[in-house]
Structures are given as C-alpha cells and as structure tokens.
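Here's a quick tour for anyone meeting this structure for the first time. Have a look at the sequence and the model, then read on.

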Amino acid sequence: MAQETDVVVIGMGVGGEHVAERLAEEGLDVVGVEAELVGGECPYWACIPSKMMIRGGNLLAEARRIPGMAGQAQVTPDFAPVASRIREEATDDWNDQVAVDRFTGKGGQFVRGRARLAGPKRVEIDGREFTARRGVVIATGSRPQIPPVPGLDAVPYWTNREAIAVKDGPRSLMVLGGGAVGVELAQAFARFGTAVTVIEAAERLLPAEEPETSALLADVLGAEGITVRTGAQANRARHDGDTFTLTLEGGEELTAERLLVATGRRAGLAGLGLGTVGLDPDARALHVDEQLRAAPGLWGVGDVTGRGAFTHVAMYQAEIAVRAILGQPGPGADYRALPRVTFTDPEVGSVGLTEAQAREKGLRVRTGTAQVPSSARGWIHKAGNEGLIKLVEDVDRGVLVGATSAGPMGGEVLYGLVVAVQGEVPVDRLRHMMYAYPTFHRAVEDALTALRSS
C-alpha cells in the first residue's frame, strides 16, 4: 500500500533541504529522500570545505607578502590543520546525522534511498511507494561532467570530492578544466607546495567570464608558479600506478602524481522516471516556469533546473517553490542579476550579462573599466592588489545589465553592483552617489567615469 503524505522532496541538498524543512515548519506532512548526505554537495565537498582550504592558502599567501611591507616572515605550509578542520568542523567526517535530526526535529520524515517518479504525485523509493497530496519536488543536484577523453574512464582521477577529502596535498597535480572549481583548487593546492598545471580546452581561463578577468587571473596564477595551458585539448589519459599522463593534441605529454577533473557539472536527472509524468527523460535540465513548476504537482529547484550550479540559486528557488506549494503570493524567479563568485585570490565576482552576452542579445552596449591597483585603496593595499571593475551598460535604457568585480574581497564589492543591476538603478544616479573613501568599492566610481568616456 502506498503511504500518503503532503509533499515528497527527492534530493536533500541545500535546495531540497530548505524546501522540506520550511514545509514541515508550516505543518505539512513532508517526506525527504536522500541517497547520500543531507545537505548535499555544498557542505561536504564544495562551497564550505573548499573555502576552508582556500582560506588556509590565502593565509600563507598573505604571510609571503610581508617582506617589503611589514618586516620579514618565513612560512612553512602544513595541510594537516586544513584537513582536520574540514573533517571536524565542516563535515563531521562526512556524517549527516545532525542534518537528518534537524529535519526530523521539524516534523519531517526522512528516507535514505534512491527515489523515482512512478506517475503524477507518486514516488517509489527502493520498493516503497508514496503518494503526495500536494506534489513532488525534484532537487537532485548535479554530478561532475567527465569529458570523453580516451583512457580517462580507466584511471583513478579525482573529482572535487576526492580533492576535498585528502589529508595532505600531492607533490604534483594536473587540473583538467580551468573553470571556477579548477582554478580555485589549483591555487589552493599550489599555495601548500603542490606543483600544479591547469589544462583548459578553451582559449582562456574562466571562459564564462569577461576576457579581462581571464587574463588577470592567468597572470596571477603564472606569477605564483602555476603552469596554465589554455587552448589545450587532452586526447588521452593513462596511469601507470604512480603517475598520471595526459597526452595533448599535437602529441605533447604532461605528467603529475594526481589528476583532478573539473570540467563542469551536469544535472542529476538520470533514473528519475521523468517519462512517467510526460517529461523528457533525456533532457539536460528540468524545465520549470517562474514558480519552479515542471508539471502539475511537480516542482524543481537547484542545479537540476540548469540555472547555474550555485547554492544561492538553489536557496532562492527553494523559497519560491515553498510559496507556490503553500499557495502564497510572491514574485517569480528573476535571473537578471544572478551573482557568481570564483574564490581565487583575487576573487572574481560577476553579475548579470558579460559584454559579449549583452551584444549577443542585440543591446547597444557601453563598457567602463577601472584597475584596482590604480584606486586609492588598491595603491595602499599594494601586495596582492590585482583586480579590476568592469561595468556593462545598456545604453538605450541607461542601466547596468552586467558587472565584474575582481580583486581583494571582489565578491563583497559585488553586492552593490548586484543591487544596481537588480534594481535597474540609472547609471546617472550611480554617478551621483557617495562612495566611501578609501574603499575597494570606490573603484566603481572610476569605472563609471570610464563608462561615460567610452
């Protein structure tokens, strides 16, 4: 016999967990299903532990900047405190009992297992069946996208999960993929003494960001001793038990003790039974409307929607889905000002459209760029002050449709630019604001001046 409930949430990553907990708090009968760890990728293998690793690497980098600025310093890297902190503070040694108890403490029913749809508002979980009176939420996240490099499937490469779980950094590391995850972990490991090579098939690092940012980051990584190979296509991978070898197009071979594959992620929709509710089981993402509905009685939140593999997107969508399920009024999803941050040093924050994306949409575009080292705060900061501010204006409407903030605390400086894009604040109004002196965000004023003269 099928068990009746109000809502079944399939996937208890950050988005699904938020939906399930909020609905349980509202008094609904909620079943939350997770095959791995409640909380998902972010707290156990991504956002939180990776930033702990990055924080450690950044401290080492700051100490190395002391000569010529504040005296002398000698630094001896030790990865053990980072690994310990990840295990003890972030992940409970990859145990989710605290998260499970938090959900059940709010009145939810937790089921460990793999779920699939068995028709409208019906879910099967390892032989058990549930019928949801209000509906089902799919929040199954994403998985690493592994490129079809011959031989790669036969070698013990790392994904972000294995990289995060290490107790000590390798002597050498090849990173296949120069996107956000690849460059973040590359820089972090390098600062602890690993010899790192980044291999990116596109012509630049962070290919989804502004080209000026890509060039800036390549220069910084190169200055730190990281080898950056862009426009480099891997044609074969092999492992002899001790060493990984990547053969590039043209025949060049690169070797390292470890290989990290960081070539993007894909929505986790396989085996969910989407065909039982009339949806394409082979879709790359779950298409949802602005209220996160995928079909009658079916909602989707997080990575599965294809709106970016970001925790903040999942949390934002989760709250909209909660309102929709409860029948409460509220605005639909609006992605015009979607922010994203790559937590390298310098941090790369961006919002909205890049210049190229804006032009592709047919907008009349004007841009303005300011260099952080040329600002008062950048000049004061000196060592480690690399960065820039780039603004993208829709000339016809006189508002920003995109912006980039790269530099020290670039992600924090981004906040004001997100408000400007989301609120469609007229550029002329931004020009007549007061910008606190001497701050990093004051460089926005310089970029606005450059915008006017472009």
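Leaving aside neighbours within four places in sequence, which residues is aspartate 303 in contact with? They are Gly141, Ser142, Ala267, Gly308, Ala309 and Phe310. Bear in mind that this is a predicted model.

**Around the annotated sites**
- An unreviewed UniProt entry puts the feature "binding site" at Lys51, Thr140, Gly141, Ser142 and Asp303. These positions span 253 residues of sequence and are spread out in space too, with C-alpha atoms up to 23.0 Å apart.
- From this set, Lys51 belongs to the lining of the second largest pocket.
- Aspartate 303 sits in the loop between β17 (298–300) and α9 (311–326).
- Beyond its neighbours within four places in sequence, glycine 141 touches Arg266, Ala267, Gly268, Asp303 and Val304.

**The second largest pocket**
- This pocket holds about 390 Å³ of space. It is lined by 20 residues, and the closest to its centre are Asn58, Asp345, Glu347, Pro408 and Met409.
- Helix α3 (residues 47–64) gives the most to the lining, with seven residues.
- By type, the lining residues split into eight nonpolar, five polar and seven charged.

**Salt bridges**
- The count of salt bridges comes to 35.
- Glutamate 89 pairs with arginine 85, with their closest N and O atoms 3.0 Å apart. The two are four residues apart in helix α4, so about one helical turn separates them. Glutamate 89 is exposed, at 54% relative accessible area, while arginine 85 is partly exposed at 34%.
- Glutamate 209 and arginine 340 also form a salt bridge, with the closest N and O atoms 3.0 Å apart. Glutamate 209 is in the loop between β9 (195–200) and α8 (211–223) and arginine 340 is in strand β18, so this pair ties together parts 131 residues apart in sequence. Both glutamate 209 and arginine 340 are buried.
- Arginine 442 meets glutamate 445 in a salt bridge at 3.4 Å, N to O. Arginine 442 is partly exposed, with 28% relative accessibility, and glutamate 445 is partly exposed as well, at 22%.
- There's a network too: salt bridges link Glu62, Arg65, Arg191, Glu224 and Asp345. Asp345 has already come up as one of the residues closest to the centre of the second largest pocket.

- Most peptide bonds are trans, and most residues other than glycine have a negative phi. The cases below go the other way.
- Proline 346 lies in the loop between β18 (339–342) and β19 (347–352).
- Another cis bond joins tyrosine 437 and proline 438, with omega about -10°. Proline 438 is in the loop between α13 (427–431) and α14 (443–453).
- Aspartate 92 isn't a glycine, yet its phi is positive, near 50°. It is found in the loop between α4 (80–90) and α5 (97–105), and it is partly exposed at 40% relative accessible area.
- Glutamate 424 has a positive phi of about 50°. This residue lies in the loop between α12 (410–422) and α13, and glutamate 424 counts as partly exposed at 37%.

Definitions and conventions
Residues numbered from 1 in each chain as written. Predicted model: local features only at pLDDT ≥ 70, side-chain atom pairs only at ≥ 80, totals over all residues. Heavy atoms only, no water. Buried < 20%, exposed > 50% of the residue type's maximum accessible area, 1.4 Å probe, protein only. UniProt positions renumbered as here; feature names shortened; annotations may be inferred. 1 Å grid on protein atoms, 1.4 Å probe; cavity = no way out; pocket = protein on both sides within 12 Å on 5 of 7 lines; lining within 4 Å. Contact = heavy atoms within 4.5 Å. Points joined across faces, edges and corners; volume = space filled by probe spheres on them. Nonpolar A, V, L, I, M, F, W, Y, C, P; charged D, E, K, R; others polar. Salt bridge = Lys/Arg side-chain N within 4 Å of Asp/Glu carboxyl O.
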